[in-house]
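Open the model in your viewer and keep the sequence panel beside it. Each stop below says what to select and what is there.

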Amino acid sequence: MTPTLIRNADWVIAWDEIAGHHVYRRNLDIAFADGTIIFVGRNYPGVADRIIDGGDRLVLPGLINIHSHPQHEPLYRGVREEHGLRNMHMTGLYERSQAFSAPDDEARAASAEFAYCELLLSGVTSLVDISPAWDGWLDLFAKSGMRGFLAPGYASARWRLANDFDLQYAWDEPRGREGLGAALALIDGAARHPSRRLSGVVSPMQIDTCTADLLRDSRDAARDRGLPFTVHIAQSVAEVREMIRRHGKTPIQWAHEIGILGPETILGHALFLDAHSWIRWWTETDLRLISETGGSVAHCPTPFARYGQIMENFGDYLRAGVNIGLGTDTAPHNLVEEMRKAAVLARIAARDIATVTASDLLYAATVGGAKALMRDDLGRVATGKKADLVLVDLATPQMIPPRDPLRSFIYHAADRAVHDVFVDGQQVVDSGKVLTLDQAAAGERLVRAQQRMFDAAPRRDYRGRNAEEIVPLSLPIAD
Ligand SMILES: [Zn+2]
């Protein structure tokens, strides 16, 4: 196959392998063929069957999102942003997931297609998609053109609320076992998919809803396959208190005790560590345990920030030697906005502008995510790496002046400046339009799906309330 050439790109964020970090380079040619970058330098000497003018362009590595739930989070638009229980240390997770759930696979397909479009339009080229398995998932993901790390979720228990202050658990261990078997079948099917862009992550859903045996067997299954393993952990005060009640240990300490922390482990959130100001548990060992075992943290600032909660703090995790990748746990599925929030919130937590930099944020959104996924061929613009590339338009008003285009992109323009996106050398976004999916049509189906979700709420809610009673509109509707 003859190559595609990006000729004379104005700015490039290239990977310096020896230094181990990204660098700016100016006026470069980038050529790729068969999904791989074959040239990064000046004056590409070969032929190309397509030439893209790199004038007014910043080329950066495709962003890597290591935590997301596309199959339901778009259904929560207008619901989730200000929903939380003050009697549960602000989290709305348990009440919301009980009352509102994707009602059917048609709803999941609409929600996922809508989210995949948002992800592509913000420059995400690799996605960890955590969801209970649903019919059509694999095919829709393959159609998106994104690089997929499908993470079919399962658990030994479900959360159950009978009021707004007491988190209870309904245990069904055989269901967890069946879930693991079905998840592994789906993951093995993804690996065989002809697109060669799909893979898997073994994903028992939460540290508090899985037995120790299920967690250990899941981690072993991941290790046997050379795949990552992920679990939600330390994501609410209620969960930390529950794990201390059960085991006399924080969730991180218990995960370490049962042997599931390690280099292949991605900890979903790990926000409420023992030293966190909302926990203040006496041990203060959690961060060191994550660091010493070589695990990664999937940091998703938005959902927590909306509850009034922040990681304490991103910069301290980095300096402790913890690998951090970023994710979009909720809508909007805009990883650049997560980068911006991660920076600002870390500085508020640290009261220190220097605690994280734009360079740290880009590293987390590219190389950090790639490391978590055990893929050193992703997240880097360099010869021999995968041709997952984002072309940012420097002529977008929010990018001007482009003195430091990474700062313009993170702090000002975000997805508005994403012009073209390539995954595995295939173009998936052209001039700000997704080529592979139909967001407008998915949006129409999403509106109807949200109504079906609301229709089911009174049967699911612990007080039989309807959606308007659980989450009132932000303003009254006047005549
Ligand atoms: Zn999550």
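Contact here means heavy atoms within 4.5 Å. Helices (H or I, at least four residues) and strands (E, at least two) are DSSP runs, numbered from the N terminus. This is a predicted model, where local features need pLDDT of at least 70 and side-chain atom pairs count only at pLDDT 80 or more, while totals for chains, interfaces and linings use all residues. Residues are numbered from 1 along each chain as its sequence is written, and side-chain values use heavy atoms, with hydrogens and water left out.

**Stop 1: helix α5**

Select residues 212–225, helix α5. The helix has 14 residues and reaches 20 Å from its first C-alpha to its last. That is close to the 20 Å expected at 1.5 Å a residue, where the expected span is 1.5 Å times one less than the number of residues.

Now colour by burial. Buried means under 20% relative accessible area, exposed over 50%, partly exposed in between (1.4 Å probe, protein chains only). In α5 the buried residues are A212, L214, L215, S218, R219, A221 and A222. What covers them? The cover includes β8 (147–154), α4 (173–191), β12 (203–204), β13 and α7 (251–257).

Zoom in on R219, in α5. Its relative accessibility is 10%, so R219 counts as buried. Leaving out residues up to four places away in sequence, R219 touches F229, G259, I260 and E264. Then step just past the helix to G226, which has a positive phi of about 70°.

**Stop 2: the zinc ion**

Select the zinc ion. Which residues coordinate the zinc ion? They are H67 (NE2), H69 (NE2), H232 (NE2) and D329 (OD), at 2.0 to 2.2 Å. Donors are N, O and S atoms within 2.8 Å of the metal (3.2 Å for Na, K and Ca); water is not among the atoms, so sites may look incomplete.

The angles between the four donor atoms run from 86 to 167°, which makes the arrangement irregular. Four donors count as tetrahedral if all angles lie between 85 and 135 degrees; four count as square planar and six as octahedral if opposite donors are over 155 degrees apart and all others between 65 and 115; anything else is irregular.

In sequence, the donor spacing is H-x1-H-x162-H-x96-D. H232 and D329 link distant parts of the chain, 97 residues apart. H232 sits in strand β13 (residues 229–233), and D329 in the loop between β16 (323–328) and α11 (335–350). Both H232 and D329 are buried.

**Stop 3: strand β16**

Six of the six residues of β16 are buried, so the strand is largely enclosed by the rest of the structure. N323, G325 and G327 point one way; I324, L326 and T328 point the other.

Two strands pair if DSSP finds at least two bridges between them. Strand β6 (residues 63–68) pairs with β16 in the parallel sense over two bridges, with N65 opposite L326. Strand β15 (residues 296–299) runs parallel to β16, joined by four bridges. There, H299 has L326 as its bridge partner.

**Stop 4: L345**

Select L345 in helix α11. At 18% relative accessibility, L345 counts as buried. Beyond its neighbours within four places in sequence, L345 contacts P301, A305 and I310. Its C-alpha atom is 8.6 Å from that of F314, 31 residues apart along the chain.
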